Amino acid sequence: MQPQITVLDAGGQYCHLIARKVRDLGVYAEVRPSETPCAELSGRKGLIISGGPSSVYEPDSPTIDPGTLQTGAAVLGICYGQQLMAYMLGGSVRKGDKGEYGFARLEISGPAPIFAGIEGPQQVWMSHRDTVDGVPPGFRSLGQTATCEIAAMADDSRRLYSVQFHPEVVHTPRGNDMLANFLFGVCGCERDWNPMGQIEALERQIREAAGERNIFFFVSGGVDSTVAYTLCLRALGPERVYGAYVDTGLMREGETEFVESVFRRLGATHFRVEQAQRQFLGALAGVRDPEQKRHIIGEQFVEVQERVLREGHFLEGNWILGQGTIYPDTIESGGTAKAEVIKTHHNRVAGIQRLIAAGRLIEPLTQFYKDEVRRVGRELGIEAEILERHPFPGPGLAIRCLCGDGAAQLERIEEGWILPVHSVGVQGDSRSYRPVLAIDYAPSAAEAADLVNGISRVNRVVQLVAGHASLAAMSVTASALDAVRLERLRRADAVVRRFSHETRFDSKVWQFPVVLIPAGTPERPDSVVLRPIDSVDGMTAQVVRMEESMLSRLAGELLGIDGVCGVFYDLTNKPPATIEWE
Ligand code: XMP
């Protein structure tokens with residue numbers, strides 16, 4: 001399908017959000033690197049240059065093929081995209097006296113097609129320091145904010161438009177209307193995209209690609225692989241579609257049974273569970289370092305997948321492999337850096353690489369975003385319990401079961417206690433691995449942020465919300481990733497999951513990891529950490545607070561689990577902490 005709109009990715013975290021918003025408006029859009037040669041963009045009705053973290057005047061910052069501004073397609077620059085247009089067309093860009101982050105009030109200075117029907121001062125969302133301080137020849141300024149003199153600009157004759165703010169985020173309430181004005185008013189796009197109603201076409205494509213061959217799937221119980229599998233099942237019938245699910249022993253309570261029952265209900269007849277608990281737990285015995293854990297789990301996945309493919313002769317003859325790869329996974333700059341690693345581990349093992357090289361791979365969802373996959377899934381009649389699942393990391397509970405490498409006391413400091421359990425954080429592009437600050441009162445969000453930012457030894461702050469012992473009486477013990485602790489975590493996770501489902505708290509969060517840390521007393525050596533967060537794509541995350549009475553009820557239940565000493569609440573956004581602790 002030929003996209004009407006291409007979003008040129010200049011490294012911005014909202015790049016995919018722009019394409020998704022365009023699609024939500026019914027126009028098929030793709031994402032390409034900003035430097036894509038303009039010859040490859042012919043036929044587009046419009047181009048959107050995304051934001052990005054760089055400065056246009058620095059060497060090696062993202063740019064565009066100069067011809068991009070002359071293809072005849074209308075162009076909309078957003079944030080860095082505006083600065084890049086100004087810089088390339090003879091305007092001027094400089095570092096602002098101060099940054100402008102968050103809400104701003106846009107005064108629109110005159111009529112413009114992208115602001116059609118939008119009058120009066122507008123709330124917009126800004127995130128920049130660099131600023132355009134002189135429009136290029138032929139352009140006029142379209143508006144300003146208190147901090148930004150040229151918050152939008154236009155050259156109507158060349159159909160070039162730009163905005164310094166982000167129309168694609170919800171914090172710009174009329175942003176959708178501005179995008180619609182650009183698409184339909186300026187570019188003349190037609191509505192050609194609706195993820196609903198595409199099932200027939202997808203099934204036809206699957207039948208054509210498969211020919212006489214059968215399809216083999218590794219499924220995870222997640223949304224993408226389940227929807228892709230179901231499409232193939234419908235296209236080819238249950239006799240021709242095989243599925244395998246690897247039970248690593250690092251799954252949540254009831255997970256394997258749940259996945260099995262779902263696939264049975266979907267109509268799968270050739271479905272097998274590969275029991276690999278002993279293999280995974282054996283390989284992880286005595287391992288404490290998070291990266292080593294991830295590495296070992298990746299290796300074990302490779303081994304099991306290769307074995308299943310070999311034993312079933314799925315690498316030969318009449319077989320092709322199906323995968324639930326979705327659009328952001330196919331783009332180098334898309335997803336998180338970790339998504340790449342995940343792919344190497346799970347989707348791109350050597351045997352699978354051979355199938356890809358031989359053209360024996362079918363990925364029916366590569367055009368779709370996650371929300372669109374969910375819509376396809378709903379249309380296929382897949383149950384909401386699968387479609388609305390929170391993301392769950394491939395390495396499973398292993399990276400939520402923290403191990404201590406020796407006994408250590410908590411250290412009293414002015415602000416609280418230093419808990420000698422290391423967790424991973426992220427700042428800029430670099431990883432940190434530091435102890436945690438523990439406190440026993442509820443700070444405001446701003447106070448919590450100040451605490452982490454103010455103590456360079458830590459990258460995370462947690463609040464003890466309830467416990468059989470106080471922080472002063474707790475210590476950290478040497479502990480491993482063993483069956484007892486995994487079961488303890490599994491229990492705690494199940495309690496939290498049931499509780500958040502019953503209270504509908506789960507609809508308020510994007511993900512709710514539950515972590516076990518080796519802090520407690522000799523009788524009760526572990527504590528549970530609650531980590532509910534909200535996020536768009538996992539790249540950044542905000543803490544979601546639970547109402548106090550609810551929290552104390554949940555904590556009470558968790559303290560009833562054998563071996564659990566305390567219940568902590570993680571109060572750290574990402575950055576500086578990552579969502580998972582390891
Ligand atoms: P972090 O911890 O980096 O997590 O803030 C961001 C998102 O990615 C998920 N995650 C993973 N998912 N395999 C996965 O399939 C992994 O190895 C992995 N590591 C982190 C995490 O749950 C969160 O949603």
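Here are a few friendly questions and answers on the cysteines and strands of this predicted model.

Residues are numbered from 1 along each chain as its sequence is written. Local features need pLDDT of at least 70, side-chain atom pairs count only at pLDDT 80 or more, totals for chains, interfaces and linings use all residues, and side-chain values use heavy atoms, with hydrogens and water left out.

Q: How many disulfides does a search of the whole structure find?
A: A disulfide is a pair of cysteine sulfur atoms within 2.5 Å. The sulfur of Cys148 has its closest cysteine sulfur in Cys79, 9.5 Å away, which is too far for a bond. The search of the whole structure gives a count of zero.

Q: Is Cys148 buried or exposed?
A: Buried means under 20% relative accessible area, exposed over 50%, and partly exposed in between (1.4 Å probe, protein chains only). Cys148 has a relative accessible area of 0%, so Cys148 is buried.

Q: Which residue is the bridge partner of Ser423 in strand 18?
A: Strands are DSSP runs of E, at least two residues, numbered from the N terminus, and two strands pair if DSSP finds at least two bridges between them. Strand 17 (residues 416-427) and strand 18 (residues 430-439) run antiparallel, joined by eight bridges. The partner of Ser423 in strand 18 is Arg434.

Q: Which residue of strand 19 is the bridge partner of Ile439?
A: Strand 18 also runs parallel to strand 19 (residues 461-467), with three bridges between them. In strand 19, Ile439 is partnered by Gln463.

How values were computed:
Helix = DSSP H or I, 4+ residues; strand = E, 2+ residues; numbered from the N terminus.
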